[in-house]
Amino acid sequence: MRLAEGQLDLVQALRMPLVIERAIAFVDRNTRHPMRIVGLNRIRLDEYPVDGLREALVNAVAHRQYEDGGRKIMLEIFSDRVVVSSPGLPPKPITLANLRKGKYRPCSRNPVLAQCLSYFHRIEERGSGFRRMRDQMLNHGLDVPILGTDTGYFQVTFSGPGEAIERLRTPQVTVTVTPALEARLTKRQKAILKHALEAGSVTRRWCVEKFEIANDTAGRDLKALTDLGLLVSEGKGRSVRYTPRS
């Protein structure tokens, strides 16, 4: 059964949340993820705000012209930007100028599909998607998205940090080393963990030479950090290294 002429059928509509998440995973695989040390935690950053990209994809799926079966939604990743293109211009009476100013009333070209996405919590507040994209890019340390059109496509362009990767802001995340866990570590164990986070790994020999301690003492420190789930041992014998747990 068809929803309406030129629109998706119900099965296809219900699959859209999965399609969107696969597109997000594609972006994740093909963009950079610098690591940043915050206290005793190593945080993986995303080059672009995931929620902002998801918002753009949701809008592209919910508001494209399905009557135009010859063209598809396009997700393009360049070295300095990500572009989401959707067939069809904004549905009337919404104009590009309205969207750029943020002054418009909600208007869906495919209301049944929009309802399906809302059911799967992919549309939180109808009519506020572009505002959220803007806020998420600014909070990420990047410029606001660029809204435009090209040969009948509506486009949202996310400009990346380029070579200035340090622009990316550290998000508010749940840390691995909580204050309660940090309080259980000695000053030396904290220093060992910090070195492992910065260098990617630490060895018993490094601990012995750095702190001028016995080999067994270094072993006890590393075992304590391993038992707490903060480090993972790799290798055997003298070649064993300790890496931060992901």
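**Salt bridges and a buried residue**

Me: In this predicted model, what is the N to O distance in the salt bridge between Arg32 and Glu47?
Reply: The two residues pair through their side chains, and the model in which they do so is a predicted one. The salt bridge formed by Arg32 and Glu47 has an N to O distance of 3.0 Å.

Me: How many residues apart in sequence are the parts that Arg32 and Glu47 tie together?
Reply: Arg32 belongs to the loop between α1 and β1 (35–38). Glu47 belongs to the loop between β2 and α2 (50–63). The pair therefore links parts whose separation in sequence is 15 residues.

Me: Which residue meets Arg44 in a salt bridge at 3.2 Å, N to O?
Reply: Arg44 takes part in a salt bridge with Asp46 at 3.4 Å, N to O. The salt bridge at 3.2 Å joins the side chain of Arg44 to that of Asp28.

Me: Which elements hold Asp28 and Arg44?
Reply: The salt bridge between Asp28 and Arg44 ties together parts that are 16 residues apart in sequence, because the two residues lie in separate elements. Asp28 is in helix α1 (residues 10–29), and Arg44 is in strand β2 (residues 41–44).

Me: What is the relative accessibility of Arg44?
Reply: Asp28 is partly exposed, with a relative accessible area of 29%. Arg44 also counts as partly exposed. The relative accessibility of Arg44 is 41%.

Me: How many salt bridges does a search of the whole structure find?
Reply: One of them pairs Asp46 with Arg44. Salt bridges with shared partners also connect Glu21, Asp51 and Arg54 in one network. The search of the whole structure gives a total of 14 salt bridges.

Me: Where is Ala56 found, and which residues does Ala56 touch?
Reply: Ala56 is part of helix α2. With a relative accessibility of 2%, Ala56 counts as buried. Leaving aside residues up to four places away in sequence, Ala56 is in contact with Val84, Met133, Val156 and Phe158.

Me: What distance separates the C-alpha atoms of Ala56 and Thr157?
Reply: Along the chain, Ala56 and Thr157 are 101 residues apart. Their C-alpha atoms are separated by 9.4 Å.

Terms used:
Residues are numbered from 1 along each chain as its sequence is written. This is a predicted model: local features need pLDDT of at least 70, side-chain atom pairs count only at pLDDT 80 or more; totals for chains, interfaces and linings use all residues. Side-chain values use heavy atoms; hydrogens and water are left out. A salt bridge is a side-chain nitrogen of Lys or Arg within 4 Å of a carboxyl oxygen of Asp or Glu. Helices (H or I, at least four residues) and strands (E, at least two) are DSSP runs, numbered from the N terminus. Buried means under 20% relative accessible area, exposed over 50%, partly exposed in between (1.4 Å probe, protein chains only). Contact means heavy atoms within 4.5 Å.
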